[in-house]
Structures are given as C-alpha cells and as structure tokens.
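Dear colleague,

Please find the structure below, handed over for your reference.

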Amino acid sequence: MTSIAIVGGGFAGVGAVAMLARAGYRDVVVFEKAERLGGVWHHNTYPGAACDIPSHLYEFSFALNPRWSRRYAPQEEIQAYIEAVAKPFDVRCGTEVTSARFEDGRWTLQTSAGEHTADVLLTACGQLSTPAVPPLPGLEDFAGPAFHTARWDHETDLDGKRVAVIGTGCSAIQVVPAIQPQVGHVTVFQRSPGWTIPKGDIPYPKWVQRLFARFPAVQRLDRSINFGFHELMTPALVRRIGPALRAARAVGKLQIRKAIKDPELRRKVTPTDEVGCKRIMLTDSWYPTLTKPNVDLTDARIERIGPHSIRTADGIEHPTDAIVLATGFRAHDFVAPMEITTEDRSLAQEWAGVPRAYLGITVPGFPNLFLLYGPNTNGGTGSVVTTIEAQITHVIAALAERDRAGARTIVVRPEVAAAFDAELRTALAGTVWHSGCTSWYVDEQGNDPSQWPWTWSEYRRRTATVDPEAYELA
Ligand code: NAP
C-alpha cells in the first residue's frame with residue numbers, strides 16, 4: 001500500500017486527502033503546523049473576511065454545500081466547510097514539517113512531533129500563507145498594537161481608536177468597510193490603487209438553500225455558469241483584448257464616480273496601470289466607505305513610523321493608535337521554510353532563480369514529489385479550488401501509472417519540464433500581468449513564478465491524464 005504524506009491542511013491538503021481516499025489510498029497523513037486546519041481561511045479572521053469568488057465555484061466538486069448563506073461566503077462558513085470535509089481523515093494539526101529528504105526510494109520527514117516516512121510527498125503549503133511585513137522605517141518603535149490582516153489580534157479593541165490601514169489590496173478593501181463604523185478614525189495608506197468591479201453579493205434565503213439541497217443539478221448549473229464566466233474573462237485579460245479591458249475600466253470608473261464626489265479622492269483611487277495587471281477586486285463597499293467622515297486616504301509615501309504616529313512624505317504626521325498591515329504575502333516562498341532535498345540536490349537551490357515545475361506540480365530530480373498550488377498555477381480569474389482538484393487528479397493519474405508499471409518512483413523528465421517551462425514563459429510574456437504594475441504575481445526582477453497564462457479548461461485538459469513519455473518510472 002502506497003503511503004502518502006501531505007504538508008499543509010488548507011483547501012489543497014484537505015482536498016488531496018479526500019480525493020486520494022476516493023481513489024483508494026488509505027495510508028495518507030496530513031501535517032498542519034497551525035493549531036487548526038483551514039490554511040488561509042483559518043489564519044485570515046480579520047473583520048469582513050469573505051470569499052470573492054462565488055462559493056458555488058469555491059468548493060469541491062465532490063462536496064457541494066447547498067447551505068452557503070450568501071453568494072460569497074464569509075470566512076467562518078468556509079472554515080467550517082473545510083473542517084467538515086476533513087473530518088474523516090488523519091489531519092495532524094500543530095505539527096510542523098521542517099524538512100523532507102528523499103533517500104532510498106522514500107521520503108523522510110522531520111516534524112515537530114518526530115520523524116515520519118512515506119513513499120510519496122505532496123506539498124500543499126499555499127501561495128499566500130506567509131504574511132509580508134514591509135520594512136517600514138520605525139515600525140518596531142510603534143507603541144500601540146500593530147498586526148497583519150492574516151494575524152488579526154482579536155484581543156485589541158479598536159473601538160474609538162485612530163487606526164492606520166497600510167495597503168489597498170483585496171484584504172484592505174474588505175477590512176476597512178468592516179471596521180469603519182466601530183473605530184474613531186481610519187487612515188488608509190495607499191501605495192498604488194487597484195481596479196475594482198461590483199461584487200453583487202446576495203444572501204441565499206433558506207428556501208434557496210433548500211432548493212440547492214433538493215436539486216444539486218441547479219447548484220451545478222450555477223457552478224458551470226460561474227466557471228464559464230471566469231473562463232471568458234481569462235483570455236480578455238491575458239491576451240489584453242481591447243474592448244474587454246475598456247469595458248472593465250469603464251465599470252471601475254463608474255463605481256468610483258457613483259460613490260465619490262471629491263475630485264481629488266477620485267483621482268487618488270483611479271488606477272493608472274492596466275486593468276487586470278493587479279488582481280481585479282470585487283467590492284460594493286470600498287468607495288462609499290472612503291467618503292465617510294471618519295475615513296481618510298493618503299497616497300503619500302510613508303516616511304517614518306513613530307511611537308504614536310505615521311509621517312508621510314508630504315510632511316503630514318498622522319496620529320495613530322493601532323496599525324493594520326494589509327500588505328499581502330510572501331507569495332514566492334512556496335514550500336519554504338521547509339527544506340526539501342534528495343541525496344544530491346535541494347529544491348531551494350533548484351529554485352534559486354525562479355521556482356518552476358512541470359504543470360506547476362512536478363520537478364525534475366525530485367521523485368515521488370507533487371506540489372499543489374505550486375509555481376505558475378495562479379490565475380487572474382477562476383477558483384483556486386478547481387485548480388487544486390485538477391492537480392490532485394494529475395497526482396492520482398501519476399500514482400496509477402507508477403502502480404501500473406510496478407515502479408517505485410516516478411519523476412518528470414528534465415527535457416519535458418524544460419520544454420513546458422519555455423512554452424509557459426513565452427505565453428506569459430505578453431500578458432496583462434507584465435504590463436507594468438506592482439503585484440504579488442511578479443517579483444522585483446520581473447520574474448513570474450505565479451501565473452498560468454491559459455484558461456483553466458486548458459489546465460484541466462493538460463492535467464487530466466499523465467503522458468507516460470513525460471515521466472520516468474523506476
Ligand atoms: P496584496 O494584494 O498583495 O496587497 C498588498 C497591499 O499592500 C497593496 O496595496 C500594496 O501596494 C501594499 N503594500 C505592500 N507593501 C507596501 C509598503 N511597503 N508600503 C505601502 N504599501 C504597501 O495583498 P492582499 O490584499 O492581502 O491580497 C493578496 C491576495 O490574497 C489577493 O490578491 C487574493 O488573491 C487573496 N485574497 C483573497 C480574498 C478573497 O476574498 N478571497 C481576500 C483577501 C485576499 P501596491 O499595490 O502598490 O504593491
């Protein structure tokens with residue numbers, strides 16, 4: 001019986017253990033370093049945290065949930081959903097895997113609970129798991145509470161406080177409207193604005209939930225419509241189709257004009273870079289919130305943080321009682337800080353330039369290793385949950401191929417991985433993500449270890465089976 005170790009208990013790890021069980025693999029253990037599983041949905045408990053992909057697309061195809069309370073489910077419902085899916089399986093929370101080494105045909109994991117060996121290793125560490133805290137001068141001197149959105153300090157009472165929110169990405173646009181009614185004052189520190197479109201969130205009344213429960217086909221239809229819509233958006237953004245981009249910009253500008261009367265604030269929040277270069281944000285509340293009397297937005301650069309204030313480059317000192325860092329994630333660390341090695345190489349060294357993997361899943365020289373949500377498997381549209389399912393399907397097909405050949409190891413051929421990588425880089429070159437903006441998709445050198453440049457149907461097609469010529473079995 002093949003034994004499998006999975007590192008990470010978020011959507012990818014939980015999806016993997018569930019799908020592997022359905023494929024007949026029973027000797028599967030998931031290690032999760034946090035005290036609870038859930039990944040980003042366990043860690044991101046900031047006020048207003050919710051999905052910005054319709055929940056009927058942001059769930060497993062084999063575990064439809066008819067009981068989402070809204071079209072875009074809030075964090076606690078998503079967390080409960082992952083926990084329910086994971087319930088029957090061996091998920092060991094509070095156990096960190098520090099290293100994994102492939103030797104004598106098996107993986108040996110060093111964990112905080114001791115050593116563990118397995119035939120096959122799956123990493124499911126997520127791309128947005130390590131908070132990025134920028135080196136803002138003086139941050140360490142700040143006297144009040146300062147925390148990242150993904151590590152929300154629920155002990156801190158923000159009632160009546162002067163709160164600084166740094167960043168204006170997807171997390172900030174959810175958290176600011178949620179805390180605005182409660183705090184004394186919010187100052188939003190914007191470096192560069194992003195494009196938005198309306199979210200159109202609606203509650204699902206009980207009768208609608210009953211309808212989905214009674215007729216799963218209705219829910220599947222909604223799922224397919226959402227998938228199709230995202231698929232249509234993909235080439236528009238990726239191939240930079242003029243009319244589609246113009247339409248998206250017009251929608252964003254209309255949202256700004258409708259909510260904001262002040263021309264100066266309008267100017268500040270209107271992006272100058274191409275729509276889709278940064279991730280498009282879905283919101284109905286961001287711009288109206290910015291017009292509230294207790295909210296200010298500054299686009300002046302942060303010069304220095306003092307014990308009780310933040311000074312910006314325009315010379316203004318902003319009195320501050322608490323700082324919320326909505327500054328995103330170290331998205332390019334992938335499996336780090338876990339060390340993955342074989343007898344003659346280390347993944348960190350292989351990835352010293354740019355992390356690369358065949359279909360984002362397998363790496364030459366690393367047998368029986370499969371990455372979930374690995375390099376270049378993120379999109380500007382679509383649901384990561386459907387991507388993860390495609391990846392697990394590929395893993396199961398690879399394991400079946402290994403069993404069929406009576407082999408112990410399976411590893412992608414270097415020339416196949418190199419040809420795929422060349423094709424990928426060529427396709428990425430002309431995409432909107434490389435049109436000149438700051439985003440977590442692209443690193444400071446302009447390398448792109450994040451994005452998938454084709455549709456998700458194409459990804460599904462490529463990952464659905466295993467080309468025996470692509471892999472070496474031994
Ligand atoms: P993000 O999109 O990377 O945004 C980080 C923000 O911090 C940006 O506005 C950035 O400015 C700013 N920033 C970074 N360093 C700064 C510095 N030194 N000084 C001033 N500002 C700085 O991070 P995020 O909002 O946490 O979102 C990350 C991703 O998580 C999203 O793209 C999305 O995929 C996911 N997410 C999803 C949901 C959901 O609803 N499902 C919710 C939240 C997040 P620049 O733009 O100028 O770089």
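In helix α5, Leu211, Phe212, Ala213 and Arg214 meet Pro216, Val218 and Gln219 of helix α6, where contact means heavy atoms within 4.5 Å. By class, this contact of α5 with α6 has 5 nonpolar, 1 polar and 1 charged residues (Ala, Val, Leu, Ile, Met, Phe, Trp, Tyr, Cys and Pro count as nonpolar, Asp, Glu, Lys and Arg as charged, and the others, Gly among them, as polar).

This is a predicted model, in which local features need pLDDT of at least 70 and side-chain atom pairs count only at pLDDT 80 or more, while totals for chains, interfaces and linings use all residues. Residues are numbered from 1 along each chain as its sequence is written, and side-chain values use heavy atoms, with hydrogens and water left out.

Helix α5 covers residues 206-214 and helix α6 residues 216-238; they pack at an angle of about 100°, with axes 4 Å apart. Axes are lines fitted to C-alpha atoms, for helices over the stretch in contact, and angles run from 0 to 180 degrees between N-to-C directions. The two helices, α5 and α6, are therefore roughly perpendicular to each other (65 to 115 degrees). Helices (H or I, at least four residues) and strands (E, at least two) are DSSP runs, numbered from the N terminus.

Of its 21 lining residues, the closest to the centre are His332, Asp333, Ala348, Trp351 and Pro355. β18 (339-341) gives the most to this lining, with 3 residues, and α10 (347-350) supplies at least two. By class, the lining has 12 nonpolar, 6 polar and 3 charged residues.

There are 3 cavities of 30 Å³ or more. About 50 Å³ of space lies in the largest cavity, whose lining includes Thr123, Cys125, Phe334 and Tyr373; that lining has 7 nonpolar, 3 polar and no charged residues. On a 1 Å grid over the protein atoms alone, a cavity is a set of points where a 1.4 Å probe fits but cannot get out, and a pocket is an open set with protein on both sides within 12 Å along at least five of seven lines; lining residues have an atom within 4 Å of a point. Grid points are joined across faces, edges and corners, and a volume is the space filled by probe spheres set on the points.

The structure holds 23 salt bridges (a side-chain nitrogen of Lys or Arg within 4 Å of a carboxyl oxygen of Asp or Glu). One of them joins Asp52 and Arg279 (2.6 Å, N to O); these residues are 227 residues apart and link distant parts of the chain.

Lastly, a cis peptide bond joins Ala336 and Pro337, with omega of about 5°.

Yours sincerely

Terms used: Angles under 35 degrees count as roughly parallel, over 145 as roughly antiparallel, 65 to 115 as roughly perpendicular and the rest as oblique.
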